[in-house]
Amino acid sequence: MKNILSKEYRQYWMGIAITSVIMLHIVYDRQTSDYVFKFIKMAFLQGDMGVNIFFFLSAYGLCHSYENNSLIKFYKKRFKRLFPIYIIFLIGIMIYQIGLTLDFKYLVFNLTGLNMFPIIGNSNLTNAWFIPAIILLYIFFPILYTLTKKFKRVLFHIIIAITIIYYIPHCHNIILGMFHARFQTIILAIATYIYIKENNVKDLLSLYTYTAILTLFTYNDCSFYFYIPLIFWVIDYTEIKLPFFNFFTFIGKYTLEIYLAQVFSLQILFLKMDGNYYLDAIICILITMCLAYGLHLTQKLFWKIVHV
């Protein structure tokens with residue numbers, strides 16, 4: 001698993017993940033009698049698997065960063081990568097949706113992850129719930145990592161408990177269900193790092209297997225994706241050659257920019273289109289790539305100016 005989860009390979013899987021998410025968003029609500037487009041839609045309807053790949057790889061990468069940096073440096077790296085570009089995105093969305101007036105509640109809720117808690121109040125004007133969820137993961141990761149390491153012998157029981165809580169009525173009024181459904185994936189990622197570091201393949205595979213079996217008895221839409229770590233292990237063990245490695249590795253370096261750009265393009269441009277499905281999809285992808293490049297250049301310019 002060390003090879004398949006190295007930085008270069010993580011970027012490859014990130015590229016696969018962002019591609020699947022983009023395609024899912026493009027085809028999800030499109031209704032057509034075109035059989036080719038129906039086939040494409042069917043192929044990408046499980047594209048939210050990419051979100052679980054993101055959470056798994058992000059949590060695994062955070063383990064490495066947390067172990068090899070001071071706490072201050074750990075948070076500084078997270079802030080430097082995420083917040084400037086995310087603030088630019090939020091301001092752009094605000095200007096489009098509510099005019100030039102800045103909504104500070106909107107900014108605070110999105111920048112702190114508070115909009116993941118409907119019980120507090122939802123101030124999320126976008127569908128980009130993933131970024132506030134990642135912010136929460138960043139904030140609480142040191143605690144989560146420490147607890148997972150301390151209670152690693154009972155991790156499967158913890159995963160069972162989290163799964164049961166997911167099905168308790170009204171629990172989604174406390175924390176957004178789409179985020180709650182990924183808790184188990186995050187724990188599996190942290191456990192993967194810990195067990196690999198200890199060279200404890202036996203306990204790691206046991207945890208993967210037990211968790212995969214658990215999904216057979218649940219009806220959560222995201223349950224299938226607990227198989228992702230097991231799939232990674234099989235690919236690493238069999239040394240399967242990964243297709244289009246250079247392309248997806250390149251895409252994986254800019255997943256944050258691409259994700260925010262596609263949310264923006266889908267909300268502002270693509271959802272207003274009602275013409276040729278294929279042309280709409282191509283235009284949406286092109287606009288996403290252009291916006292992503294613009295966000296990347298803006299972030300580079302920002303850090304060049306502030307010299308941090």
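**Helix packing in a predicted model**

In helix H1, 15 of the 21 residues are buried, so H1 is largely enclosed by the rest of the structure. Please keep in mind that this is a predicted model.

I will stay with H1 for a moment. The helix covers residues 7-27. From its first C-alpha to its last it reaches 31 Å, which is close to the 30 Å expected at 1.5 Å a residue.

Now to a partner of H1. Helix H12, residues 245-252, has an axis that comes within 6 Å of the axis of H1, and the two cross at roughly 80°. An angle from 65 to 115 degrees counts as roughly perpendicular, and H1 and H12 are therefore roughly perpendicular to each other. Which residues meet here? On the H1 side they are Glu8, Tyr9, Gln11, Tyr12, Met14, Gly15, Ile16, Ile18 and Thr19. On the H12 side they are Phe245, Phe248, Thr249, Ile251 and Gly252. Sorted by class, this contact of H1 with H12 has eight nonpolar residues, five polar and one charged.

Ser58 has its place in H3. Is Ser58 buried or exposed? Its relative accessible area is 16%, and the cut-off for buried is under 20%, so Ser58 is buried. If we leave aside neighbours within four places in sequence, Ser58 is in contact with Met14 and Ile134. Met14 is also one of the H1 residues that meet H12.

Next, the packing of H3 itself. H3 spans residues 49-68 and packs with helix H9, residues 183-197, at an angle of about 45°, with the axes 8 Å apart. H3 and H9 are therefore oblique to each other. Their crossing is right-handed. From H3, the contact is made by Asn52, Phe55, Phe56, Ala59, Tyr60, Cys63, His64, Glu67 and Asn68. From H9, the residues are Thr185, Ile186, Leu188, Ala189, Ile190, Thr192, Tyr193, Ile196 and Lys197. By class, that gives 11 nonpolar, five polar and two charged residues.

An α-helix has 3.6 residues a turn, so residues three or four places apart point the same way.

Asn199 is found between H9 and helix H10, which covers 201-215. What is its phi? Phi of Asn199 is near 60°, a positive value in a residue other than glycine. Most residues other than glycine have a negative phi. Asn199 is exposed, with a relative accessible area of 63%.

Key:
Residues numbered from 1 in each chain as written. Predicted model: local features only at pLDDT ≥ 70, side-chain atom pairs only at ≥ 80, totals over all residues. Heavy atoms only, no water. Axes fitted to C-alpha atoms, helices over the stretch in contact; angles between N-to-C directions. Helix = DSSP H or I, 4+ residues; strand = E, 2+ residues; numbered from the N terminus. Parallel < 35°, antiparallel > 145°, perpendicular 65-115°, else oblique. Left-handed = near helix turned anticlockwise from the far one by under 90°. Contact = heavy atoms within 4.5 Å. Nonpolar A, V, L, I, M, F, W, Y, C, P; charged D, E, K, R; others polar. Expected span 1.5 Å × (residues − 1). Buried < 20%, exposed > 50% of the residue type's maximum accessible area, 1.4 Å probe, protein only.
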